[in-house]
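Student: I would like to learn how to read contacts and charge pairs in a model. Where do we begin?

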Protein chains: 2
Amino acid sequence: MGYEIADALGLLLRRTTRERLHRSLTEGMGEAVDEVTYPVLSALARTGPRSAADLASDVGLDRSGVTRRATRLEQAGLVRREPHPTDRRAALLVLTDAGERAVAELRRRLADHITASLAAWPPGAAREFARSLHRFVADGPFA
Amino acid sequence: MGYEIADALGLLLRRTTRERLHRSLTEGMGEAVDEVTYPVLSALARTGPRSAADLASDVGLDRSGVTRRATRLEQAGLVRREPHPTDRRAALLVLTDAGERAVAELRRRLADHITASLAAWPPGAAREFARSLHRFVADGPFA
DNA sequence: TATTGTTATACTCTATAACTATA
DNA sequence: TATAGTTATAGAGTATAACAATA
């Protein structure tokens with residue numbers, strides 16, 4: 001059983017799998033949105049405006065990496081910088097309206113992909129799988 | 001439901017998640033075994049001796065990338081090159097005994113991680129999840 | 001003295017384009 | 001002429017180390 005899941009995860013985590021998925025998800029969304037910038041958008045959508053240093057651990061980059069990605073997203077009009085209200089060293093990264101729309105579109109595309117692939121499943125099985133996967137990821141060997 | 005799975009997958013496919021998992025899996029296995037070389041080992045274990053050009057599509061690299069990884073694995077004693085029996089242009093990449101042992105150890109570690117994280121699940125739910133994940137990955141939006 | 005955002009630098013990994021040998 | 005393996009080169013992306021400004 002552990003081996004069955006291990007092999008499935010191995011395939012899922014393969015570079016080609018991820019890249020194919022990301023390409024199909026970000027198609028036509030502009031050059032600024034890709035595998036690396038999406039975590040920045042996603043984290044901002046999830047938690048609201050944050051500073052680069054604060055985002056770094058969530059995104060899996062250090063502050064300099066967040067700065068670079070944020071600059072790309074800013075130039076594409078998806079993110080803007082605002083002065084931090086209490087710390088004049090910091091700047092808050094904020095999703096623009098276009099940024100919010102981009103995140104919503106990406107989440108919708110992925111969800112649609114998934115829903116389509118579950119269409120042939122018994123409804124109960126699909127719902128059970130969703131719950132199980134959520135639990136597995138949340139407190140599995142990855143958290 | 002699609003959104004629940006989408007968010008779980010988003011976390012699973014995050015770079016930090018993958019890197020943490022790979023680090024914990026390959027700890028102490030020598031410098032040659034890492035996130036990039038593992039797919040080469042894994043593919044050879046799955047399908048037997050192959051040429052570099054033949055492996056390329058499986059591994060998600062082109063032939064030059066396979067060559068580089070194979071050279072690293074060869075220097076570490078996990079892979080050896082043998083002349084192709086019928087095509088003198090090609091070379092077969094073959095797992096050495098040490099290579100076989102390394103693959104088995106890595107699969108065992110991952111399976112153990114997973115089994116441990118499922119220990120608290122009802123046995124039926126865990127088995128059902130394994131089957132569902134396998135199916136989802138095999139003919140889901142990634143295949 | 002520590003931390004923020006930013007930039008320059010070095011490093012890693014990749015695909016592309018060559019090259020030689022064989023089909 | 002095409003394909004195998006290999007190597008050199010260029011490109012993309014990262015962390016590290018610096019910098020000035022603020023805490």
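**Reading a contact, then the pairs**

Tutor: The side chains of A:Arg18 and A:Glu35 are joined by a polar contact of 3.5 Å (a pair of N or O atoms within 3.5 Å; within protein, one must be able to donate a hydrogen and the other to accept it, and residues adjacent in sequence count only if both atoms are side-chain atoms). This is a predicted model, where local features need pLDDT of at least 70, side-chain atom pairs count only at pLDDT 80 or more, and totals for chains, interfaces and linings use all residues. Residues are numbered from 1 along each chain as its sequence is written, chains are lettered from A and ligands numbered from 1 in the order in which they are written, and side-chain values use heavy atoms, leaving out hydrogens and water.

Student: Is A:Arg18 buried or exposed?

Tutor: A:Arg18 counts as buried, at 5% relative accessibility (buried is under 20% relative accessible area, exposed over 50%, partly exposed in between; 1.4 Å probe, protein chains only).

Student: How should I read a salt bridge?

Tutor: Side chains of opposite charge can pair when their charged atoms come close. The rule asks for a side-chain nitrogen of Lys or Arg within 4 Å of a carboxyl oxygen of Asp or Glu. Over all chains the count is 28 salt bridges. One of them joins B:Arg50 and B:Asp58, with the closest N and O atoms 3.8 Å apart; B:Arg50 is buried at 12%, whereas B:Asp58 is partly exposed at 27%.

Student: Which residues of chain A are linked in a network of salt bridges?

Tutor: A:Arg46, A:Arg50, A:Asp54 and A:Asp58 form that network.
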